[in-house]
Amino acid sequence: PPMPHHGPELGTLVDMSSRLLVHINTLSGAIPTELGNLVKMSDSLQLQFNSELTSAIPTELGKLTQMKSGLFLGENKLTLLPTELGQLALMYSDFEVADNNFASFPTGDRSTTHQYTSTPHP
């Protein structure tokens with residue numbers, strides 16, 4: 001059986017500025033909202049390839065305003081891409097959210113989303 005994740009404790013690493021790598025595991029459930037406390041992170045937050053991470057990407061990740069590259073959330077089962085990620089204005093590369101279960105694309109108008117249909121990969 002998958003081990004329970006203990007993600008909330010990661011939110012206490014408030015001085016961490018780069019390379020939190022927890023990809024290619026069997027993490028399940030939601031991404032801990034406490035990761036939004038890592039406000040000094042500027043590079044490489046990797047949570048991809050944890051195929052049992054489900055639910056919405058936490059809006060709190062929008063607090064990571066120092067992120068410049070390397071936000072990897074792909075290859076999960078995440079269901080919502082929050083508009084708050086638009087606050088990551090310094091991002092210039094490697095914002096990766098591919099291969100999730102998103103049903104809409106956020107816009108600047110919080111009352112509107114653009115629906116799209118994704119084609120499953122063979």
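The mean pLDDT of the chain is 82, and 81% of the residues reach 70 or more. The stretch to watch is residues 110-122, where pLDDT stays under 50. The model does have 15 contacts for that stretch beyond four places in sequence, but where pLDDT is low, the predicted coordinates should not be read in detail.

Strand 3, which is residues 43-46, runs parallel to strand 5, with three bridges between them. If you want a landmark there, Asp 43 sits opposite Ser 69 of strand 5. Moving over, strand 5 covers residues 69-72 and is joined to strand 7, again in parallel, by three bridges. The landmark on this side is Phe 72, whose bridge partner in strand 7 is Glu 96.

Then there's the other sheet, also open, with three strands in the order 2-4-6 and parallel pairing. Here the edges are strand 2, at 28-29, and strand 6, at 77-80, and each of those pairs on one side only. Strand 2 meets strand 4, residues 52-56, through two bridges in the parallel sense.

Okay, zoom in on Asn 100. Where does it sit? Asn 100 is in the loop between strand 7 and strand 8, the latter being 104-106. And is Asn 100 buried or exposed? Its relative accessible area is 14%, so Asn 100 counts as buried. What does its side chain reach? There's the backbone oxygen of Leu 73 at 3.2 Å, and there's the backbone nitrogen of Lys 77 at 3.5 Å. Leaving out neighbours within four places in sequence, the contacts of Asn 100 are Leu 73, Gly 74, Glu 75, Asn 76, Lys 77 and Leu 78.

Lys 77 pairs with Glu 52, with the closest N and O atoms 3.2 Å apart. That pair links distant parts of the chain, Glu 52 being in strand 4 and Lys 77 in strand 6, 25 residues apart. Both ends are partly exposed: Glu 52 has a relative accessible area of 39%, and Lys 77 has 34%.

The other salt bridge joins the side chains of Asp 15 and Lys 40, at 2.8 Å from N to O. Asp 15 is in the segment before strand 1 and Lys 40 is in the loop between strand 2 and strand 3, so this pair ties together parts 25 residues apart in sequence. On accessibility, Asp 15 is exposed at 58%, whereas Lys 40 is partly exposed at 44%.

That's my tour, so over to you for questions.

How values were computed
Residues are numbered from 1 along each chain as its sequence is written. This is a predicted model: local features need pLDDT of at least 70, side-chain atom pairs count only at pLDDT 80 or more; totals for chains, interfaces and linings use all residues. Side-chain values use heavy atoms; hydrogens and water are left out. pLDDT is the predictor's confidence in each residue, from 0 to 100. Contact means heavy atoms within 4.5 Å. Two strands pair if DSSP finds at least two bridges between them. Helices (H or I, at least four residues) and strands (E, at least two) are DSSP runs, numbered from the N terminus. Buried means under 20% relative accessible area, exposed over 50%, partly exposed in between (1.4 Å probe, protein chains only). A polar contact is a pair of N or O atoms within 3.5 Å; within protein, one must be able to donate a hydrogen and the other to accept it, and residues adjacent in sequence count only if both atoms are side-chain atoms. A salt bridge is a side-chain nitrogen of Lys or Arg within 4 Å of a carboxyl oxygen of Asp or Glu.
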